[in-house]
Amino acid sequence: MATSQISFHFIIGFLCILLLQYYTYIVSSVLLVRNHHNNNNNNYNNGHHRRPMLSGNQSYCALFMGSWVRDETYPLYQFSCPIVDPEFNCQMYGRPDTDYLKYRWQPANCQIPRFNGIQFLMKMRGKSVMFVGDSLGRNQWESLVCMIAGGLPSSSPTQIIRGDPLSTVKFLEYGVTVSFYRAPYLVDIDSVEGKRVLKLDDIRGNSNAWTGVDVLSFNTGHWWSHKGSLQGWDYMETGGNLYEDMDRLVALERGLRTWARWVDTNIDTTRTRLFFQGISPTHYNPSEWNAGAISSSKSCYGETMPMTGYPGTYSDQMKVIEEVLSSMNKPPFLLDITLLSAMRKDAHPSIYSGDLTPEQRANPDHSADCSHWCLPGLPDTWNQLFYAALFFLH
């Protein structure tokens with residue numbers, strides 16, 4: 001009788017554990033996807049929410065739901081990759097730890113294909129890829145170039161052309177070009193009587209460089225919130241009027257709608273594949289990942305491991321982007337990297353961003369870069385997902 005009671009209690013306890021695990025999974029899943037559904041219940045009929053069909057028993061892969069798992073086969077290339085800028089080259093500039101290089105993104109219900117540089121070039125033979133946006137787009141561009149080059153024999157010729165606003169790497173054997181075009185706001189910014197005027201209604205100057213490209217990936221966000229010495233404009237212009245300032249989310253939306261109209265009018269989506277990179281998160285507030293504990297620190301310095309769960313906030317800028325994309329006739333595929341990147345508080349350059357002075361390194365609260373990402377590092381995952389969506393989208 002005692003044995004039967006023990007077995008009964010064991011079974012009940014085991015079932016409780018299973019129910020708790022299931023509840024935890026559902027809660028975290030809802031947290032991750034809730035903001036995809038709150039604007040338009042039909043978003044999954046639009047191009048930017050279509051999901052790739054990849055390996056696994058499930059019909060569809062939820063690319064942006066999952067977890068970070070340790071993988072000793074990473075990174076996919078070395079920091080000696082010549083295209084990496086000093087501000088992203090953490091290992092070259094003294095970062096002592098390497099665990100942040102050993103994490104792979106694992107979607108919850110499928111296996112995504114491992115990136116293969118030669119396959120990328122063979123599939124893209126004779127074609128062009130361009131990233132358009134700010135330094136987070138440059139972060140991803142440099143990562144992709146290194147990921148491709150890391151899989152090629154050293155004898156395969158490449159040509160690097162650095163410039164502003166356009167930089168290009170050509171993989172000559174395959175006739176493939178991978179470029180970055182610097183346009184932090186996407187819309188134009190002009191000099192008028194010595195003043196920088198951000199033209200929220202005009203994109204003609206920048207867009208001339210994007211026509212005829214086979215794969216376009218856009219991003220914007222961080223520059224819209226800069227103030228003081230970091231602000232990139234003196235006036236904003238919209239509707240024929242000049243403004244010294246306005247609500248930054250309103251300005252972002254107006255600029256994005258100008259960009260969206262240009263895409264809907266000028267891009268032939270039977271020829272050009274479109275992507276939009278989600279907002280890349282920053283990590284300047286340790287209380288966000290220390291269970292709400294008050295912290296005097298103002299940086300990501302010293303962080304060496306990812307968060308174990310999803311953060312509870314979602315960028316207001318991201319909500320604006322999703323609203324604009326959902327209204328488009330030709331919406332891009334949304335590379336929704338915001339929440340999976342928010343878990344990677346460990347992956348920023350911090351004080352290992354270029355050749356800082358000893359005084360700067362000794363004061364991370366004022367000098368740590370917790371906006372950009374180390375290379376090799378997190379942007380390699382963005383490109384892994386870009387690769388999966390580009391070539392394995394059903």
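This is a predicted model: local features need pLDDT of at least 70, side-chain atom pairs count only at pLDDT 80 or more; totals for chains, interfaces and linings use all residues.
The side chain of N109 reaches across to the backbone nitrogen of A62, at 3.2 Å.

- To find N109, look in the loop that runs between β2 (103-107) and α2 (117-123).
- N109 has a relative accessible area of 23%, so it counts as partly exposed.
- Along the chain, N109 and L63 are 46 residues apart, yet their C-alpha atoms are separated by 8.6 Å.

**The protein as a whole**
- The protein has 10 helices and 13 strands in its secondary structure.
- Of its 394 residues, 52% are buried.
- How many of the contacts between residues at least 6 apart in sequence join residues at least 24 apart? The share is 77%.

**Helices α5 and α6**
- Two packed helices are described by the angle between their axes and the distance between the axes.
- Here, helix α5 (residues 248-266) packs with helix α6 (residues 316-326) at an angle of about 30°, and their axes are 10 Å apart.
- Are α5 and α6 roughly parallel or roughly antiparallel? Angles under 35 degrees count as roughly parallel, so α5 and α6 are roughly parallel to each other.
- The crossing in which α5 passes α6 is right-handed.
- On the α5 side, the residues that meet α6 are L249, L252, E253, L256, R257, W259 and A260.
- Their partners in α6 are D316, Q317, V320, I321, E323, V324 and L325.
- Sorted by class, this contact of α5 with α6 contains 9 nonpolar, 1 polar and 4 charged residues.

- R125 sits in the loop between α2 and β3 (128-133).
- Its relative accessibility is 46%, so R125 counts as partly exposed.
- R125 and F171 are 46 residues apart in sequence, while in space they are 9.4 Å apart from C-alpha to C-alpha.
- Which residues does R125 contact, once neighbours within four places in sequence are set aside? They are E173, Y174 and V176.

**D214, a buried loop residue**
- D214 belongs to the loop between α4 (204-207) and β9 (215-218).
- Is D214 buried or exposed? Buried means under 20% relative accessible area, and D214 has 12%, so it is buried.
- The side chain of D214 reaches the backbone nitrogen of S128 at 2.9 Å.

**L242, an exposed strand residue**
- L242 is part of strand β11, which covers residues 241-243.
- With a relative accessible area of 51%, L242 is exposed; the cut-off for exposed is over 50%.
- The C-alpha atoms of L242 and V197 are separated by 8.3 Å, and these two residues are 45 residues apart along the chain.
- V197 is also one of the residues in contact with L242 when neighbours within four places in sequence are left aside. Y235, M236 and E237 complete that list.

How values were computed. Residues are numbered from 1 along each chain as its sequence is written. Side-chain values use heavy atoms; hydrogens and water are left out. Helices (H or I, at least four residues) and strands (E, at least two) are DSSP runs, numbered from the N terminus. Buried means under 20% relative accessible area, exposed over 50%, partly exposed in between (1.4 Å probe, protein chains only). A polar contact is a pair of N or O atoms within 3.5 Å; within protein, one must be able to donate a hydrogen and the other to accept it, and residues adjacent in sequence count only if both atoms are side-chain atoms. Axes are lines fitted to C-alpha atoms, for helices over the stretch in contact, and angles run from 0 to 180 degrees between N-to-C directions. Angles under 35 degrees count as roughly parallel, over 145 as roughly antiparallel, 65 to 115 as roughly perpendicular and the rest as oblique. A crossing is left-handed if the near helix is turned anticlockwise from the far one by less than a right angle, and right-handed if clockwise. Contact means heavy atoms within 4.5 Å. Ala, Val, Leu, Ile, Met, Phe, Trp, Tyr, Cys and Pro count as nonpolar, Asp, Glu, Lys and Arg as charged, and the others, Gly among them, as polar.
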